[in-house]
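This report walks through one protein structure in plain terms. Please look at the sequence and the model first, and then read on.

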Amino acid sequence: MAEAATGFLEQLKSCIVWSWTYLWTVWFFIVLFLVYILRVPLKINDNLSTECKVWRNPLNLFRGAEYNRYTWVTGREPLTYYDMNLSAQDHQTFFTCDSDHLRPADAIMQKAWRERNPQARISAAHEALEINECATAYILLAEEEATTIAEAEKLFKQALKAGDGCYRRSQQLQHHGSQYEAQHRRDTNVLVYIKRRLAMCARRLGRTREAVKMMRDLMKEFPLLSMFNIHENLLEALLELQAYADVQAVLAKYDDISLPKSATICYTAALLKARAVSDKFSPEAASRRGLSTAEMNAVEAIHRAVEFNPHVPKYLLEMKSLILPPEHILKRGDSEAIAYAFFHLAHWKRVEGALNLLHCTWEGTFRMIPYPLEKGHLFYPYPICTETADRELLPSFHEVSVYPKKELPFFILFTAGLCSFTAMLALLTHQFPELMGVFAKAFLSTLFAPLNFVMEKVESILPSSLWHQLTRI
């Protein structure tokens with residue numbers, strides 16, 4: 001009986017020794033699993049890839065009068081090839097149709113929009129104008145050849161005269177076949193584009209009320225053409241006039257759950273809410289008495305805006321330098337943040353205390369978003385593709401803003417490191433017990449060497465009888 005018990009204990013001992021050989025592997029995988037669970041993932045489902053759609057910037061500048069002037073002064077190119085290529089595709093979509101080859105001037109412009117060389121495009125536009133009054137030729141010259149906004153406005157007025165005549169003629173023939181319908185659709189796009197750019201010229205030249213009237217008339221005349229996002233131009237002009245009641249009316253129509261959001265919509269709504277409380281807001285007073293209902297509404301509106309586009313506050317608070325906005329933007333990306341802040345920073349500065357309220361509250365948004373970021377709070381999860389697309393849209397000299405990632409707490413990192421170090425020591429001690437014993441003795445002797453040195457000095461200074469009494473104590 002005793003021999004059987006002894007044999008069982010020996011088998012148990014051998015099993016324990018054998019399992020210890022592989023226990024470090026289990027421990028290692030546990031540590032890896034811990035790190036995996038505590039990672040900062042930014043997973044986006046494939047069905048949300050539409051979030052990274054590139055949109056035409058509704059407030060884009062004029063190439064000849066603004067972008068080119070910047071290049072002449074600084075020697076830097078504010079537009080990327082990718083951005084300009086997208087603009088060329090837009091022009092071909094909006095300003096051409098299948099029947100252009102039947103009209104010599106339109107046939108020339110059809111080729112001009114595909115031309116990469118700016119001078120070749122301008123020469124083609126002049127060639128088209130020698131044949132007849134071509135609206136799209138005037139558009140190209142206004143966008144790329146005019147060196148001032150006043151020159152661009154003059155050319156757009158000539159384009160309006162030619163484009164309005166083409167629009168009226170094609171409107172009467174649009175029901176005669178698909179070819180006429182396509183031509184009318186093209187003429188409509190041309191007319192809307194011209195009127196919108198004329199309104200933007202008026203806004204640039206300081207005739208803001210005239211610009212507002214032109215935009216309102218355009219939205220009434222073509223209510224279904226939302227692809228140009230004219231309401232964002234209208235919001236910016238109304239904010240310049242400080243017509244906040246009119247701004248609220250526009251927001252009530254376009255800040256709808258069924259319509260695509262934008263930084264202009266979200267941050268303008270936050271600005272109006274902040275305007276009601278920002279002049280008297282104090283973080284110290286709010287921490288003592290708590291937030292009032294109006295202050296809570298303003299903070300929630302700021303959190304909503306920051307969740308939609310977290311890059312905007314750093315530009316509004318001037319923590320990052322602005323550049324010229326690109327011709328295309330990525331919603332919720334750095335390009336949209338630049339385009340918004342470029343035109344709306346002055347409106348935030350005009351409202352007393354608004355930037356202070358934004359500064360005190362914007363970072364609190366990230367405590368409300370679910371973590372890990374596999375779900376959003378008020379919107380879809382933040383798209384992972386924005387950084388890559390923004391690098392294509394923005395010039396190389398600009399440092400692209402990325403989504404602010406949550407950092408792991410130090411305690412978690414320290415615990416994971418300590419566990420990994422302990423597992424490694426256990427493995428080495430099991431595999432090389434004698435060598436690790438030598439290392440341990442050397443480490444301990446080195447660690448206690450200063451203490452031994454101090455003790456020897458104390459023994460040499462104190463009398464032997466006193467030292468004997470202290471050791472007894």
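R332 is placed in the loop between strand 2 and helix 16 (334–350), where helices (H or I, at least four residues) and strands (E, at least two) are DSSP runs numbered from the N terminus. The model is predicted, so that local features need pLDDT of at least 70, side-chain atom pairs count only at pLDDT 80 or more, and totals for chains, interfaces and linings use all residues. Residues are numbered from 1 along each chain as its sequence is written, and side-chain values use heavy atoms, with hydrogens and water left out.

At 2% relative accessibility, R332 counts as buried, a term for under 20% relative accessible area, with over 50% called exposed and the range in between partly exposed (1.4 Å probe, protein chains only). Most residues other than glycine have a negative phi.

| Residue | Phi | Loop |
|---|---|---|
| E318 | about 60 degrees | between helix 15 (312–316) and strand 2 (328–330) |

In the protein, which has 22 helices and two strands, 42% of the 473 residues count as buried.

Helix 8 (residues 178–204) and helix 9 (residues 208–221) pack at an angle of about 160 degrees, their axes being 7 Å apart; axes are lines fitted to C-alpha atoms over the stretch in contact, and angles run from 0 to 180 degrees between N-to-C directions. Helix 8 and helix 9 are therefore roughly antiparallel, the word for angles over 145 degrees. Contact means heavy atoms within 4.5 Å, and among the residues that meet are V192 and L198 in helix 8 and M214 and L218 in helix 9.

Definitions and conventions
Parallel < 35°, antiparallel > 145°, perpendicular 65-115°, else oblique.
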